[in-house]
Amino acid sequence: MTAYNAVIVEIYPDDTDTDLERVLKDLKESLPDDIEIKDHKIEPLAFGINKLIIAFLVPEKEEKIRQLEEILNSIEGASAEIKSISRI
């Protein structure tokens, strides 16, 4: 049986024109089948700018976390920060 990690990521837009719903859609399309989005929400950050918070379910394999990081680093118009990784 495969163990999984819950990975919480915050995504910050590069500017006020970044569409976080589009970022979410693009992320969903670029994820491999074994990495899934369990939950997401958009929250205010500051001065009318929002951030996207996503909870991923990732198999507990080092290359899978690295793969997720590579996908997150390829996001256009935004930057991502992994806030936590917890085994579940």
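How many residues does the largest nonpolar core have, and which of them have the most contacts inside it? The model discussed here is predicted. Its largest nonpolar core has 20 residues. Those with the most contacts inside this core are Ile11, Leu27, Ile54, Phe56, Leu68 and Leu72. Two or more residues come from each of the elements S1, H1, strand S3 (49-59) and helix H2 (62-73).

Leucine 27 shows what such a position looks like in detail. Apart from neighbours within four places in sequence, leucine 27 is in contact with Ile11, Ile54, Phe56, Ile71, Leu72 and Ile75.

**The sheet and its helices**

Four strands form an open sheet in the order S2-S3-S1-S4, and their pairing is antiparallel. At the edges are strand S2 (36-46) and strand S4 (78-87), each of which pairs on one side only. From one strand to the next, the twist averages 20°.

The pairing of S1 with S3 is antiparallel and extends over eight bridges. Within this part of the structure, glutamate 10 has isoleucine 53 in S3 as its bridge partner.

| Helix | Lies across | Angle to S3 |
|---|---|---|
| H1 | S1, S2 and S3 | about 15° |
| H2 | S1, S3 and S4 | about 155° |

**Two loop residues**

Where is threonine 18 placed? Threonine 18 belongs to the loop between strand S1 (4-13) and helix H1 (20-30). Its relative accessible area is 16%, and because buried means under 20%, threonine 18 counts as buried. The side chain of threonine 18 reaches the backbone oxygen of glycine 77 at 2.9 Å.

The backbone at phenylalanine 47 has a positive phi of about 50°, although the residue is not a glycine.

Definitions and conventions:
Residues are numbered from 1 along each chain as its sequence is written. This is a predicted model: local features need pLDDT of at least 70, side-chain atom pairs count only at pLDDT 80 or more; totals for chains, interfaces and linings use all residues. Side-chain values use heavy atoms; hydrogens and water are left out. Buried means under 20% relative accessible area, exposed over 50%, partly exposed in between (1.4 Å probe, protein chains only). A polar contact is a pair of N or O atoms within 3.5 Å; within protein, one must be able to donate a hydrogen and the other to accept it, and residues adjacent in sequence count only if both atoms are side-chain atoms. A nonpolar core is a set of buried Ala, Val, Leu, Ile, Met, Phe, Trp, Tyr and Cys residues joined through side-chain atoms within 4.5 Å. Contact means heavy atoms within 4.5 Å. Two strands pair if DSSP finds at least two bridges between them. Axes are lines fitted to C-alpha atoms, for helices over the stretch in contact, and angles run from 0 to 180 degrees between N-to-C directions.
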